[in-house]
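Please examine the following model from its overall dimensions down to its strand pairings.

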Amino acid sequence: MKYFILILTLTISFNGWTQTDQGAGTLEDRKALFDYIIEKTKQREAWSPIKNKNLNFDPLESMQALEQEIIQADTEDKLFFALKKLSAARRDRHLSVNTVKGGITPKPIAEGQAPIRFFPDFSKKEPVFFVADIGKNLGATQKRTPAIGDRLVSINGEELSTYTEKVKAYTRHSTLNNFYIKAAYDLATRNYSLPASFFKEQLTLELKPKKGKKYTIVLDYLDTVDWTHGRVFNKYPGYQEVSSFRYESFKVYQPTDSNKKNLVLWWYGFRGDLPEAIDALMIWAENNNKLDYNLIIDAIDSRGGSQGAYALARLSPKAFKTTGGNLKLSDITFDFIADYNRRYLSKKGLMDHDSRETEDDGTWAIDWLNGPVLKGLAAGQAYSNNTPFKCAHLPHYSDWIMQPAKKHFKGKMVAFFGPWGGSHLTQFSAMIIDNNLGYTMGMVDGGYSNTWEWTETLTFPGKNKPLVSFMWDIGHTIRPNGQIAEGNPPMVDEIIPVTPENYLNYKNILLQKAEAYLK
């Protein structure tokens with residue numbers, strides 16, 4: 001009888017381990033994994049004290065508070081999202097946790113988009129979201145069709161403030177405003193950014209109009225949505241697009257009134273074609289006698305990339321200081337340099353999918369990594385030297401000052417910014433604002449920017465099975481004013497918050513103010 005009980009116990013133990021996923025490991029595995037991540041974070045992470053102060057938190061304390069959640073995550077799904085939460089505890093928009101081949105995976109869910117979108121009311125201190133767009137067929141299934149500006153009260157019966165606080169734990173962000181935009185935009189999307197417990201078969205929303213009683217709508221998640229408004233932000237009354245100018249980084253709009261001496265650049269991002277696009281702009285402007293025009297740069301919804309300094313040397317008649325950067329020197333520095341050398345020698349990997357990583361063929365960065373950085377590592381420095389940010393136009397040791405290019409615009413500059421984006425956009429806004437290259441308005445950008453990251457496939461210490469890819473921020477971006485940029489975007493000259501009342505007309509309001517300023 002004793003032998004039977006012993007065998008039965010082992011069988012139950014084995015089956016229980018199987019049901020809780022071999023991939024999730026044991027309590028001891030998860031404890032060792034947590035300790036490894038904390039240890040390597042202490043060694044590798046390039047912290048931004050000014051961001052931590054702005055957000056009033058200690059990233060290491062926030063991570064260490066999740067120890068038991070990691071240890072008790074006894075399924076692959078629980079462990080995956082516990083690791084996402086552990087990474088997000090650092091409050092860094094760039095740092096993600098992703099699945100890898102043969103690694104742990106979250107449980108399957110039916111992805112989809114409910115036919116409604118929300119946006120934050122930035123005139124309020126507390127989180128307030130309003131309806132920003134609806135699917136064209138939404139009204140057919142509802143007793144009441146939401147109106148743009150209707151305020152969100154609850155999500156699946158949960159108050160908005162409670163919901164956003166729960167979502168924040170899993171959401172990558174470096175500033176609160178950028179978090180609110182992401183939380184609002186993703187609210188009606190069902191995907192793997194949040195645990196499955198956040199979603200139900202349908203999305204139940206309680207809304208309130210400016211005048212009138214609260215009402216409820218129940219929405220299905222759809223594969224595709226035909227939006228009523230879509231991207232409404234790139235129409236500029238009094239200007240027409242230069243149709244011959246076809247580049248990914250930005251579009252050019254010229255005035256329909258020949259007496260106006262302004263050009264509008266709708267800045268979509270700092271993509272791989274930026275140098276070519278800027279050079280083409282200069283040729284077009286010179287051929288059409290527009291180099292003395294004022295520039296209105298609409299970078300509100302811009303994405304990141306590189307080479308903003310190359311652009312500004314041609315968009316402004318003033319000398320300016322670039323952003324800088326450094327590398328935290330740690331246990332992975334030599335591997336990081338070796339990997340960079342390998343990719344450089346193979347001529348692959350030094351460009352990402354839509355943006356060059358450096359402003360030349362990579363030689364400038366290679367020389368810096370194998371020169372000053374390795375010397376700093378050998379000398380036991382905590383950080384490398386501060387150097388112009390991946391900027392092949394200046395020496396590794398310099399004053400970071402760039403002179404205007406021989407051919408450049410001579411007029412004034414107005415730039416629009418907002419918390420939609422960051423990364424190189426944060427660096428671009430810092431170069432304009434810290435150097436006083438022009439007048440800026442809108443809202444501060446999303447404020448996420450670092451120079452370098454290290455991505456590693458995690459395993460349980462002492463075991464070979466891959467789990468997920470995990471990232472560390474291993475370098476600072478330094479603004480022209482000397483401050484760390486991460487979580488610390490520069491302040492615009494004129495703050496104009498997005499509200500339910502001005503949402504659909506927001507850029508037209510900024511455009512009118514820009515034209516008044518330029519007069």
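Two strands are said to pair if DSSP finds at least two bridges between them. Strands (E, at least two residues) and helices (H or I, at least four) are DSSP runs numbered from the N terminus. The model is a predicted one, in which local features need pLDDT of at least 70, side-chain atom pairs count only at pLDDT 80 or more, and totals for chains, interfaces and linings use all residues. Residues are numbered from 1 along each chain as its sequence is written, and side-chain values use heavy atoms, with hydrogens and water left out.

The protein chain contains 14 helices and 23 strands. Its radius of gyration (taken over C-alpha atoms) is 25 Å, close to the 24 Å that the globule rule gives for 519 residues, so the chain is as compact as a globular protein of that length. That rule is 2.2 Å times the number of residues to the power 0.38. Along its principal axes, the C-alpha trace spans about 100 × 70 × 40 Å. Of the 519 residues, 57% count as buried, meaning under 20% relative accessible area with a 1.4 Å probe, protein chains only. Contacts are heavy atoms within 4.5 Å; among those with a separation of 6 or more, 74% join residues 24 or more positions apart.

Seven of its eight residues are buried, so β21 is largely enclosed by the rest of the structure. Strand β20 (residues 453–459) runs antiparallel to β21, and six bridges join them; W454 stands opposite W472 of β21. The two strands form a hairpin with six residues between them, and G462 in the turn has a positive phi of about 85 degrees. Strand β1 (residues 97–99) also pairs with β21, in the antiparallel sense and over three bridges, with T99 having V468 as its bridge partner.

β10 and β11 (residues 250–255) run antiparallel and are joined by three bridges; the partner of Q240 in β11 is Q254.

How values were computed
Buried < 20%, exposed > 50% of the residue type's maximum accessible area, 1.4 Å probe, protein only.
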